[in-house]
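Visitor: Can we go through this chain together? Please bring it up first.

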Amino acid sequence: MSVIAIDVDLTVVDSLNPWLDWFNERVGADLEHAQLLQYNLAPIMRQQAAKQGHFDFDPYVYWKQPDLYDKLEPLGGAVDIIKKLNRLHTVVWVSHCFPEHENSKINFLRKFGENIPFISTQTKKLVAFDVIIDDNLDILNTIHDGRFRIQYNELSKPWTRNETVGDLLIDKWDSHIVDVIRAEELGRNRGRMWR
Ligand SMILES: [Mg+2]
């Protein structure tokens with residue numbers, strides 16, 4: 001049995017495109033997913049907002065909505081596969097939150113099962129997991145101790161195109177993930193036996 005840390009934003013829910021829609025609606029801009037070339041979108045949004053005459057625009061207001069996740073749906077296949085993983089292993093959500101949206105995120109995650117613990121942190125490497133599933137290369141890049149890193153790339157963000165940091169790149173939630181984690185665990189246990 002492995003402990004599997006799973007990220008939330010852009011790993012089990014698309015909270016990025018709704019951010020762009022939210023921004024475009026408020027500012028009258030037409031920022032598109034495909035145009036974006038850097039992970040931190042806030043500076044781009046601020047620039048665009050200023051061009052449209054919205055000075056001092058705060059793009060993070062989106063992330064501070066107390067009902068942010070009430071309106072969002074899990075990515076296809078994620079609920080079934082994560083329920084399955086949690087029957088075979090111990091799943092733990094590890095996610096960076098704005099305090100304002102944390103309760104809404106926790107409520108949203110009940111769709112994946114009631115008994116999955118939630119850890120709110122940006123310093124994910126300090127959590128005692130065996131396997132991590134995350135879309136964020138900056139997070140995966142902090143983990144260099146042999147723990148298994150799955151890079152989740154369904155939303156194929158322009159700034160991660162052609163870049164692989166994890167031990168495995170996955171772009172959809174299907175049973176391949178379950179098989180890979182089981183194989184990785186077998187390999188790890190075999191390694192322990194021979195030590
Ligand atoms: Mg993420």
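Predicted model: local features only at pLDDT ≥ 70, side-chain atom pairs only at ≥ 80, totals over all residues.

Visitor: What domains does the assignment give?

Guide: Domain 1 covers 3-14 + 70-194 and domain 2 covers 16-66; the bounds come from an automatic or database domain assignment. Their centres, taken over C-alpha atoms, are 26 Å apart.

Visitor: Which residues have the most contacts inside the largest nonpolar core?

Guide: Ile 4, Ile 6, Ile 82, Val 131 and Ile 133, in a core of 28 residues. A nonpolar core is a set of buried Ala, Val, Leu, Ile, Met, Phe, Trp, Tyr and Cys residues joined through C-beta atoms within 7 Å. Buried means 20 or more other C-beta atoms within 10 Å of the residue's own, exposed means 12 or fewer, and partly exposed is in between, with C-beta atoms placed from the backbone.

Visitor: Which helix gives the most to this core?

Guide: α3, with four residues. Helices (H or I, at least four residues) and strands (E, at least two) are DSSP runs, numbered from the N terminus.

Visitor: Switching to α2, which of its residues are buried?

Guide: Met 45, Gln 48 and Ala 49. Seen down the axis of α2, they fall within an arc of 100 degrees, so they line one face; the arc is that of the directions from the helix axis to the C-beta atoms.

Visitor: And what is exposed on the face turned away?

Guide: Pro 43, Gln 47 and Lys 51.

Notes:
Residues numbered from 1 in each chain as written.
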